[in-house]
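Subject: Structure for you to look at

Hello,

Here is the structure I said I would pass on. Please open it and keep it in view while you read the notes below.

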Amino acid sequence: MQQEKERQVLERAWADPAFKQQLLDDPVAVLRAAGITVPDGVQVRVVEDTRELLHFLLPARPATLTDAVLEQVAGGLPDSFGSIAGHLGAPRPGALLRNF
């Protein structure tokens, strides 16, 4: 459900320049208004890729690398990799150059 709401925000931002600007200016308010959970105290920064500028997401390092986390990484990127932007369809690291 959350991913569907995030997809809707992404699609609306692509179609509506005024909405996109609101998302860039105050992402927490826009995401919450769309029904997306953003925990109190969490900052969200929306950045936009272009043909000339790509963003490489460096996720926070886990407190400890458990066997389960190591297995996920060894088998590919886990579903929880990234942030809201990642879930919204941003390219995964390693996929960046395939899009161009």
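Start with Ala29, which is partly exposed because its relative accessible area is 39%, a value that lies between the 20% limit for buried and the 50% limit for exposed. Please keep in mind that the model is predicted. Ala29 sits in helix α3.

Next, Val38. Is Val38 buried or exposed? Its relative accessibility is 7%, so Val38 counts as buried; the cut-off for buried is under 20%. Val38 belongs to the loop between α3 (27-33) and α4 (67-74). Between the C-alpha atoms of Val38 and Pro27 there are 9.7 Å, and along the chain these residues are eleven apart.

Now the chain as a whole. It has five helices and zero strands, and the order of its elements from the N terminus is α-α-α-α-α. Of the 100 residues in the chain, 18% are buried. The accessible surface comes to about 7,500 Å², and carbon and sulfur atoms account for 56% of that. If you take the contacts between residues at least 6 apart in sequence, 44% of them join residues at least 24 apart.

The last item is a pair of helices. Two packed helices are described by the angle between their axes and by the distance between those axes. Helix α1 covers residues 2-15 and helix α2 covers residues 17-25; their axes come within 5 Å and cross at roughly 120°. That angle is why α1 is oblique to α2. The crossing of α1 and α2 is left-handed.

Which residues make the contact? From α1 they are Val9, Arg12, Ala13 and Ala15, and from α2 they are Pro17, Phe19, Lys20 and Leu23. By type, the residues of this contact comprise six nonpolar and two charged, with no polar ones.

Regards

Terms used:
Residues numbered from 1 in each chain as written. Predicted model: local features only at pLDDT ≥ 70, side-chain atom pairs only at ≥ 80, totals over all residues. Heavy atoms only, no water. Axes fitted to C-alpha atoms, helices over the stretch in contact; angles between N-to-C directions. Helix = DSSP H or I, 4+ residues; strand = E, 2+ residues; numbered from the N terminus. Parallel < 35°, antiparallel > 145°, perpendicular 65-115°, else oblique. Left-handed = near helix turned anticlockwise from the far one by under 90°. Contact = heavy atoms within 4.5 Å. Nonpolar A, V, L, I, M, F, W, Y, C, P; charged D, E, K, R; others polar. Buried < 20%, exposed > 50% of the residue type's maximum accessible area, 1.4 Å probe, protein only. Areas by Shrake-Rupley, 256 points an atom, 1.4 Å probe, with all protein chains shown as cover.
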